[in-house]
Amino acid sequence: MDTEEIVGAGALAAETSHVELVGEPDPELAATMGFSGFGKKARTFDLEAMFEQTRRTAVERSKKMLEARAREEEAQKEKELRSQHEDIDSATSGSSVMGACSASTCREAESSESEDGSNEELIGPPLPCQTSIQGPAEEEEEEEDEFIGPPLPPGYKDSDDDDDDDMQEEDNNPIKKIPDSHEITLQHGTKTVSALGLDPSGARLVTGGYDYDVRLWDFAGMDASLQAFRSLQPCECHQIKSLQYSSTGDVILVVSGNSQAKVLDRDGFPVMECIKGDQYIVDMANTKGHTAMLNTGCWHPKIKEEFLTCSNDGTVRTWDVNNDKKHKGVFKPRSVQGKRVIPTTCTYSRDGKLIAAGCQDGSIQIWDRNMNVHTKFHCRQAHAPGTETSCLMFSYDGTVLASRGGDDTLKTWDIRQFKKPINSVEGLSSFFPMTDCCFSPDDKLIVTGTSIKKGGGNGKLIFFERETFQKVYEIEVTDASVVRCLWHPKLNQIMVGTGNGLAKVYYDPVKSQRGAKLCVVKTKRKARQAETLTQDYIITPHALPMFREPRQRSTRKQLEKDRLDPLKSHKPEPPVAGPGRGGRVGTHGGTLSSYIVKNIALDKTDDSNPREAILRHAKEAEDNPYWVAPAYSKTQPKAVFAEVESEEDETDNKPEWKKRKI
């Protein structure tokens, strides 16, 4: 019981007990009031004396409790010091002396405080003394970290420490960031998916292939059936080479096998088509557009209206969406001898200031976007001559350029030292001119796909570490080549286009965001009944109101109404089989008409040999000639037939009029 409680109880008792009835009761007053015990005299109390006595009692009790606690703490700390240090005889004696001194000083302080309190009439127990009985090891630990509570058992790790360690491991190990735990498969068609594009927000995916189709997929609008919301052929019978959303995601660049690139809006409707150049002009810079098949194209990363294309006419051209009459700029790659060379791929740098092109002579040439005469950087022997460099990709930090060559190699370059690659790996088979590569969102990995022949195994998606180019991971995608790969930085999902018409999306429920996670959780919609017009509806917009037919609001509602109508919902009568019933005549019976229908009109099967069917009437024709014989009665009254043995087979197959010798 604390001092405050005791003092409070004493004060309450003093307040409630101001008076006490003492002395003899008055007999007359008792007889008048009707009960005894009334009329006693009150005795006064000294409240200050009672309060002082209560306070002294509380101080004594608190002093005894503090002394007992101090002794327990001293004993416990001495035990800890003995268990922690084996050779501390002198230290323990010193610590006990310090403990005794500190305890005595604490008691002296308490007694002095109690005396001062008694003089100053302070209420409550004195403050506890902060004893400092510590060994040298404990002082060092307390300086490093003030830890409260018993020591942790060996091998114990805090959950926060585990989370921090896991985060550090993930940062140090980029393999754990690869989202490959789940996948969905989008069926584009049966032929190679040669183009993939994702808008910057990751809401829509566009795929194109060798079947000339472009399909649009909306992750938020799809259900588990995974069907595209639109399919179109924007370039008629030309294979799709490249698809890409602009930096704002409102338009799509479509590059196909013809010489004119197209721009579509988000829903697939045409916005702009590039003009075709004059193929009879020698200098390609003087033409308004490309004159040969396109190879690839891409959008400017900063300017939303500008895009880039390269073609077999030996030029790389920049375009403006708002001007479809002429290109914006022309870049002409040249070989060592200064001759024209065909660019097979092109791209912008991350800041949009540089334009890079990979050419058929194995070179990589880079221009300043504003200076199209001479190259700013070039490497003449980047890949094997005569092979098609299928992809160029700048890293997110803009310092490294990755190139995927048709010579089955993948290389990284520092454009500031462009003579020799930083790293290179060989043996990555590539059968397609658009096999690409990409960087991971954290710039620590490079991803590319491999091609296979039919029945030669599975196409793989291979991950290389950017700094060392060690193969750190691979995913077996399907039993066909892996052509396109795309790692979206916001979604953290990997899109893959394959050679058998599939577009696969790899994701992780924890590491990935939105995208494929939105559509896999939705159930398939029930198939609607075929909505057909129940009756012909004639639209007469200028007719008078009295002659105008009511508009059919909904086919489904009209079908429900027709179902309730006994005439419209009447089931047609089945054909009558047998002699007939219910007043209806059967298909065959005793009448002449039914007999004719059964035996003549409907019986058109004749399994006999046509030659035998004709010769069946030969004797009758000979006895009673009517058609053929009178025509030859004067010129050839007696029929003469060829009797050559070698031609018997031929004459047997000829008709009768060819057999007759004229």
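Contact, as the term is used here, means heavy atoms within 4.5 Å. The structure is a predicted model, in which local features need pLDDT of at least 70 and side-chain atom pairs count only at pLDDT 80 or more, whereas totals for chains, interfaces and linings use all residues. Residues are numbered from 1 along each chain as its sequence is written, and side-chain values use heavy atoms, with hydrogens and water left out.

The protein has 13 helices and 32 strands; these are DSSP runs numbered from the N terminus, helices being H or I of at least four residues and strands E of at least two. Of its 662 residues, 36% are buried, a class defined by a relative accessible area under 20%, with exposed meaning over 50% and partly exposed in between (1.4 Å probe, protein chains only). Among contacts with a separation of 6 or more, 49% join residues 24 or more positions apart.

Confidence comes next. The mean pLDDT (the predictor's confidence in each residue, from 0 to 100) is 77, and 69% of the residues reach 70 or more. Over residues 1–23 pLDDT stays under 50, and the model has 36 contacts beyond four places in sequence for this stretch. Where pLDDT is low, the predicted coordinates should not be read in detail.

The largest pocket holds about 1,200 Å³ of space. On a 1 Å grid over the protein atoms alone, a pocket is an open set of points where a 1.4 Å probe fits, with protein on both sides within 12 Å along at least five of seven lines, and lining residues have an atom within 4 Å of a point. Its lining comprises 46 residues, of which Gln-244, Tyr-245, Arg-350, Met-393 and Leu-486 are the closest to the centre. Elements that give two or more residues to this lining include strand S8 (240–245), strand S16 (343–348) and strand S28 (482–488). By type, the lining divides into 24 nonpolar, 15 polar and seven charged residues; Ala, Val, Leu, Ile, Met, Phe, Trp, Tyr, Cys and Pro count as nonpolar, Asp, Glu, Lys and Arg as charged, and the others, Gly among them, as polar.

Ser-256 lies in strand S9 (residues 251–256) and is buried, with a relative accessible area of 0%. Leaving aside residues up to four places away in sequence, Ser-256 touches Cys-235, His-238, Gln-239, Ile-240, Lys-241 and Leu-294. Its side chain also makes a polar contact of 2.6 Å with the side chain of Asn-258.

Lys-420, between strand S22 (409–414) and strand S23 (423–426), counts as exposed at 66% relative accessibility. Its C-alpha is 9.1 Å from that of Gln-381, although the two are 39 residues apart in sequence.

Most residues other than glycine have a negative phi. Asp-408, in the loop between strand S21 (400–404) and S22, has a positive phi near 65° and is partly exposed at 26%. Asp-443, in the loop between S24 and strand S25 (445–449), has a positive phi near 70°, but counts as buried at 10% relative accessibility.

Arg-548 is placed in the loop between helix H7 (516–520) and helix H8 (555–564) and is partly exposed, with a relative accessible area of 43%. Beyond four places in sequence, Arg-548 touches Thr-540, Pro-541 and Ala-543.

Terms used: Grid points are joined across faces, edges and corners, and a volume is the space filled by probe spheres set on the points. A polar contact is a pair of N or O atoms within 3.5 Å; within protein, one must be able to donate a hydrogen and the other to accept it, and residues adjacent in sequence count only if both atoms are side-chain atoms.
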